[in-house]
Amino acid sequence: MAMREFFMVAIVLCTLLCYCESGKLSEDEIMEIENQLERLNKSSIKTIKTEFGDIYDCVNFYDQPAFDHPLLKNHKYDFQMRPSSRPNSMVREGNPPKNVEQVLINGGLNSEKCSIGYVPIRRTTKEDLIRAKLFTKSYNSRINSPPTFHQSLVYTSDPTKKYNGGGTSASFYTLYNVGGSQYTFGRMKLQNGLDIIKVGWGVNPSVYGDNRTRIFIYFQAGELSCFNTVCPGFVLVNPKPMIEMILRETHPGTLPTWELEISVYRDPITGNWWVDFGKNYDQIGYWPSSIFSGGLKDLATYIDWGGETYSPLGQIGPPMGSGLLLKQDTRYDAYCRLLTTINEAHIQEDAKNTKISSIDIDFYLVKDWGFHRGWGHIMTYGGPGPR
C-alpha cells in the first residue's frame with residue numbers, strides 16, 4: 001500500500017508539472033468546455049457510482065457531446081438505434097483456454113444502468129476536460145516519434161484487402177509505474193488514410209491523474225481526433241457505463257487471466273462503425289460515417305493489434321502489456337487472441353497474412369504465434385520499457 005501511495009503522489013506531481021509546460025487552450029476552447037459542462041449538468045437525472053469511485057451521470061441521449069459535432073447537428077438519431085446487422089461469430093472447434101475469464105461489462109455495478117433515453121457520461125470537472133483536451137492535442141504529434149514512442153504490433157500486410165471490421169480478446173493488466181505524461185495502451189487499430197479508430201485498455205495519468213487501467217476508445221477523422229466521449233463524434237446508445245470504466249486489478253502469473261473482448265464493425269447499410277465490448281457483445285455505440293474525412297467512409301485498409309507506449313526523453317520508459325519481456329507463457333505474457341477481420345462480404349475470418357513490428361526490441365517484444373486450437377490467431381507482446 002505504501003508503494004502504491006508513493007506512485008500516486010508522484011503521478012499527481014508529474015502531471016501538474018507536465019501541464020504547466022505543455023501549452024494552453026485558447027479562450028474559445030475554454031468557453032467550449034464550460035458550455036459542455038453546463039449542458040451535461042442540466043441534463044443529468046441520475047448518477048451511478050462504480051465500485052472504484054468513478055461517477056457516471058445519466059444525461060439525455062440528445063445532450064451527449066457527440067451531437068456538438070457540426071456534421072451531426074441536423075441529422076436524425078435515436079437512442080434505440082442499433083446496427084442493421086452484426087457479423088456472425090465464427091464457430092470454433094475445440095475447447096476455449098482454461099484459466100481465462102472475460103470481463104462481464106457492468107458486472108461490478110449490480111447491473112445498474114441509465115433510464116430509457118439516457119446514456120452514461122463519466123463525470124468530469126473543467127480541469128479534467130482541459131487535461132483531456134491537451135493530451136489529445138499532443139497525442140498525434142507523439143505517434144511514430146522514436147525514441148519517445150514505442151509500439152509492438154501484429155498487423156495486416158496485404159494492401160489489396162479491405163476490411164469491414166476486426167476483433168480480438170485482449171488480456172489486460174494493472175500497471176502502477178506509469179506516471180506524468182507517460183501512457184501505455186493495449187489496443188486494436190483500424191485505419192484508412194488519415195482516418196483511424198482505436199479501441200482497447202490503457203493507463204493514462206495525463207488524462208485521469210491516476211494509474212488505473214481503463215477501457216478507452218479513440219478516433220481520428222482527418223485533423224479532428226478525440227478520446228472517449230468528452231468531445232463530439234462517438235454516439236453512445238448503451239445505458240450501462242462502459243467507456244472509461246476501470247478494469248479489475250490483475251497481475252501476470254495470477255489466475256485466471258482476464259480478457260476484454262473487443263469488436264469493431266461497419267454497418268453494411270449506414271456505414272457507421274460500431275463498437276461491442278465483453279463476452280455478451282454489448283453494443284456500446286458508433287462513430288457515424290459522416291464524420292470521417294474520406295478514408296473510413298469506406299472500409300478499413302489496415303488493422304493492427306498490440307501495444308503502444310510514450311515517455312518523454314530522459315525518463316524511464318513505461319511498461320507495455322504485462323510489463324514483462326516475453327516468457328512464451330500466456331499466464332505472464334500480454335496477448336491478443338482470436339485476431340479476426342471482417343471481409344468485404346461482412347464475413348468474420350481469422351486474421352491472415354500478418355506481420356510483426358516492434359520499434360525497440362531491447363525493451364518491448366512481440367511474437368505472432370499464428371493459429372492455435374482454442375486460442376485462435378494469437379499474438380503476445382510487452383516489456384518493462386527503457387531503463
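User: What is the mean pLDDT of the chain?
Analyst: This is a predicted model. Its mean pLDDT is 87. Of the residues, 91% reach 70 or more.

User: And where is the pLDDT below 50?
Analyst: Over residues 1-22. That stretch still has 31 contacts in the model beyond near neighbours in sequence.

User: On to pockets. How much space lies in the largest pocket?
Analyst: About 470 Å³.

User: Which residues lie nearest its centre?
Analyst: Met90, Arg92, Glu261, Tyr281 and Leu338. The whole lining has 26 residues.

User: How do the residues of that lining divide by class?
Analyst: Seven are nonpolar, twelve polar and seven charged.

User: Which strands each supply at least two residues of it?
Analyst: Strand E6 (165-171), strand E12 (257-266), strand E16 (334-342) and strand E17 (348-350).

User: Back to Leu338. Where is it found?
Analyst: In strand E16. The backbone there deserves a look: Leu338 has a positive phi of about 50° and is not a glycine. Most residues other than glycine have a negative phi.

User: Is Leu338 buried or exposed?
Analyst: Buried, because its relative accessibility is 16% and the cut-off for buried is under 20%.

User: Which other residue has a positive phi although it is not a glycine?
Analyst: Asn228 does, at about 60°. Asn228 sits in the loop between strand E10 (224-227) and strand E11 (235-236). Its relative accessible area is 6%, so Asn228 is buried too.

User: What about cis peptides? Which peptide bond is cis?
Analyst: The one from Leu255 to Pro256, with omega near 5°. Most peptide bonds are trans. Pro256 lies in the loop between E11 and E12.

User: Which residues line the largest cavity?
Analyst: Asn228 again is one of them. Others in the lining include Phe185, Val203, Tyr208, Arg212, Arg214, Phe216 and Phe227. By class, the lining has seven nonpolar, three polar and two charged residues.

User: Which element gives the most to that lining?
Analyst: Strand E9, with three residues. Strand E8 (195-203) and helix H4 (205-208) each supply at least two.

User: Let's do the core. Which residues touch the most other members of the largest nonpolar core?
Analyst: Ile197, Val199, Val264, Trp273, Phe277, Trp287 and Phe292. The core has 89 residues. Its largest share, six residues, comes from strand E9 (residues 214-221).

User: Take Val199. What does it touch?
Analyst: Leaving out residues up to four places away in sequence, Val199 touches Arg187, Met188, Phe216, Ile217, Ile262, Val264, Val275, Phe277 and Trp287.

User: Last one, Ile130. Where is its place?
Analyst: In helix H3 (residues 126-142). Ile130 counts as partly exposed because its relative accessibility is 22%, and buried would need under 20%.

User: Which residues is Ile130 in contact with, leaving aside neighbours within four places in sequence?
Analyst: Leu25, Ile30 and Ile33.

User: And how are the C-alpha atoms of Ile130 and Val237 separated?
Analyst: By 25 Å, with the two residues 107 apart along the chain.

How values were computed
Residues numbered from 1 in each chain as written. Predicted model: local features only at pLDDT ≥ 70, side-chain atom pairs only at ≥ 80, totals over all residues. Heavy atoms only, no water. Core = buried A, V, L, I, M, F, W, Y, C linked by side-chain atoms within 4.5 Å. Buried < 20%, exposed > 50% of the residue type's maximum accessible area, 1.4 Å probe, protein only. Helix = DSSP H or I, 4+ residues; strand = E, 2+ residues; numbered from the N terminus. Contact = heavy atoms within 4.5 Å. 1 Å grid on protein atoms, 1.4 Å probe; cavity = no way out; pocket = protein on both sides within 12 Å on 5 of 7 lines; lining within 4 Å. Points joined across faces, edges and corners; volume = space filled by probe spheres on them. Nonpolar A, V, L, I, M, F, W, Y, C, P; charged D, E, K, R; others polar. pLDDT = per-residue confidence, 0-100.
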